[in-house]
There are 2 protein chains.
Amino acid sequence: MPTVTEILAQKGSHVIALSPTDSVLTAAELMNEQDIGGIVVMADGRLVGIFTERDILRRVVARRLDPAATPLAEVMTSPVLCCAPGTSIDECAALMTARHVRHLPIGGPDGLAGMISIRDLLAYQVHDQQDTIQYMQSYIYDTR
Amino acid sequence: MPTVTEILAQKGSHVIALSPTDSVLTAAELMNEQDIGGIVVMADGRLVGIFTERDILRRVVARRLDPAATPLAEVMTSPVLCCAPGTSIDECAALMTARHVRHLPIGGPDGLAGMISIRDLLAYQVHDQQDTIQYMQSYIYDTR
């Protein structure tokens, strides 16, 4: 059964991290520059939160907070739902759907191993199933 | 070949719309309430723009604009890329990937017929392929 490690092998394990005292404005500028929808928040080498586009909408703009004056600690999601690299793709997809999260940090024994989004999972499933279908088609063709 | 009409049949054709003079704050509150990532902007019954979470990040927060004082007309994406209901799912997915858009309004002869996201498309593809795989599995089993 394929695991999230296979997605990280394609996507890379680079994760953008900020500290809880960094401002929402800093996070927004970084997410914008890197064209990503979420970052992790780390303190003393530990994962303490996650901050995404949805948090900007819900907890900053809709609450009329000033992005330059609001530290991530006030508006990040904490504690963070995360998965081990050996978790199967199906299990991760079920977890993200059940908990309504779109970004899932992947934690290894030596800290963060990467971050995957629900879109990464779905795109992986589409490609994986395409391979299965192709394989079955040639099997059916060969045995006719 | 399945078309976006099949996704809209499951998802419904309800689309949240605001006018170009409504503020970013109004849009953020509405998106928050409805738990959606994007709305369309209509003027005189015509689709004139689209406004999404990504636009809030890029064009409002990162540019330090005041959400209560910024009308959607200033920060929406316009003109809007959209598709006819008869467009195939594969074509829509290719278009959204090529143009880097996550939300695609679907326009019918009588105006807007709905809105689909890249996640809707991927989720549809995963289910559709699961059906194909199951069908092929029983075919292989039956002909062994």
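User: Hi! What should I know about the model and its numbering before I look?
Analyst: The model is predicted, so local features need pLDDT of at least 70 and side-chain atom pairs count only at pLDDT 80 or more, while totals for chains, interfaces and linings use all residues. Residues are numbered from 1 along each chain as its sequence is written, chains are lettered from A and ligands numbered from 1 in the order in which they are written, and side-chain values use heavy atoms, leaving out hydrogens and water.

User: Thanks! How many helices and strands does chain A have?
Analyst: Chain A has 6 helices and 5 strands. Both are DSSP runs numbered from the N terminus: helices are H or I with at least four residues, and strands are E with at least two. From the N terminus on, the order is α-β-α-β-β-α-α-α-β-β-α.

User: What is the strand order in the open sheet of 3 strands?
Analyst: In chain A the order is S1-S2-S3, with mixed pairing. Two strands pair if DSSP finds at least two bridges between them.

User: Which strands stand at the edges?
Analyst: Strands S1 (17–18) and S3 (46–52) of chain A do; each has a single partner strand, so one side of each lacks a neighbour in the sheet.

User: And how do S2 and S3 pair?
Analyst: Strand S2 (residues 38–43) of chain A pairs with S3(A) in the antiparallel sense, over 6 bridges. Within S3(A), Gly49(A) is the bridge partner of Val41(A).

User: Changing topic: where is Asp44(A)?
Analyst: Asp44(A) sits in the loop between S2 and S3 of chain A. Its phi is positive, about 50°, although Asp44(A) is not a glycine. Most residues other than glycine have a negative phi, and most peptide bonds are trans.

User: Is Asp44(A) buried or exposed?
Analyst: Exposed, with a relative accessible area of 82%. Exposed means over 50% relative accessible area, buried under 20%, and partly exposed in between, using a 1.4 Å probe and protein chains only.

User: What about Arg64(A)?
Analyst: Arg64(A) also has a positive phi, about 60°, without being a glycine. Arg64(A) is in the loop between helix H3 (53–61) and H4 of chain A, and counts as exposed at 58% relative accessibility.

User: Which residues does a cis peptide bond join in chain A?
Analyst: Ser78(A) and Pro79(A), with omega about 0°. Pro79(A) is in the loop between helix H4 (72–75) and helix H5 (89–99) of chain A. In chain B, a cis peptide bond joins Ser78(B) and Pro79(B), with omega about -5°.
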